[in-house]
Amino acid sequence: MFNTRDQYHDEHYAAREMTVPVLDRQSGVPIRVYGVVPKMSLTPGRIWRGAPSIGEDTTDILGNMLGLSRPAIEQLYADRVVHRTEPFTAPQVEAANP
């Protein structure tokens with residue numbers, strides 16, 4: 001039975017992208033997450049980022065999905081109705097399991 005360390009070092013797991021590296025945008029730490037399963041040739045999935053930081057997508061949701069204007073969104077932030085945390089976009093430490 002494979003443990004997590006075995007999975008990180010197994011050639012077959014690597015070739016199938018069973019774990020993929022991403023940046024944890026909340027902490028700035030590079031981590032590995034499980035890849036997309038099942039593997040489909042016509043509709044391949046992909047992991048394109050780690051989990052967003054708190055409120056990272058709020059502006060997009062308010063503007064694109066709810067149709068609020070930029071000034072209205074900025075007022076919500078100013079009034080502290082909504083909150084965002086600036087995400088880390090670059091690693092802050094070295095990856096433990098690259």
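Trainee: Is threonine 59 buried or exposed?

Mentor: Threonine 59 is buried, because its relative accessible area is 18%. Buried means under 20% relative accessible area, exposed means over 50%, and partly exposed is in between, using a 1.4 Å probe and protein chains only. This is a predicted model, where local features need pLDDT of at least 70 and side-chain atom pairs count only at pLDDT 80 or more, while totals for chains, interfaces and linings use all residues. Residues are numbered from 1 along each chain as its sequence is written, and side-chain values use heavy atoms, with hydrogens and water left out.

Trainee: Which helix does threonine 59 lie in?

Mentor: Helix H3, which covers residues 58-65. Helices (H or I, at least four residues) and strands (E, at least two) are DSSP runs, numbered from the N terminus.

Trainee: What is threonine 59 in contact with, leaving aside its neighbours within four places in sequence?

Mentor: Arg70, Ile73, Tyr77 and Arg84. Contact means heavy atoms within 4.5 Å.

Trainee: And which side chain makes a polar contact of 2.7 Å with the side chain of threonine 59?

Mentor: That of tyrosine 77. Another polar contact, of 3.3 Å, joins the side chains of threonine 59 and arginine 84. A polar contact is a pair of N or O atoms within 3.5 Å; within protein, one must be able to donate a hydrogen and the other to accept it, and residues adjacent in sequence count only if both atoms are side-chain atoms.

Trainee: New topic. How many salt bridges does the count come to?

Mentor: Five. A salt bridge is a side-chain nitrogen of Lys or Arg within 4 Å of a carboxyl oxygen of Asp or Glu. One of them pairs arginine 25 with glutamate 56, with the closest N and O atoms 2.5 Å apart.

Trainee: Where do arginine 25 and glutamate 56 lie?

Mentor: Arginine 25 is in the loop between strand S1 (19-24) and strand S2 (29-34), and glutamate 56 is in the loop between S2 and H3, so the pair ties together parts 31 residues apart in sequence. Glutamate 56 is buried, at a relative accessible area of 19%.

Trainee: Which arginine also meets glutamate 56 in a salt bridge of 3.7 Å?

Mentor: Arginine 49. Arginine 49 is partly exposed, at 23%. Arg25, Arg49, Glu56 and Asp57 are linked in a network of salt bridges.

Trainee: What does arginine 70 form a salt bridge with?

Mentor: Glutamate 74, with the closest N and O atoms 3.7 Å apart. Arginine 70 is exposed, at 52%, and glutamate 74 is partly exposed, at 35%.
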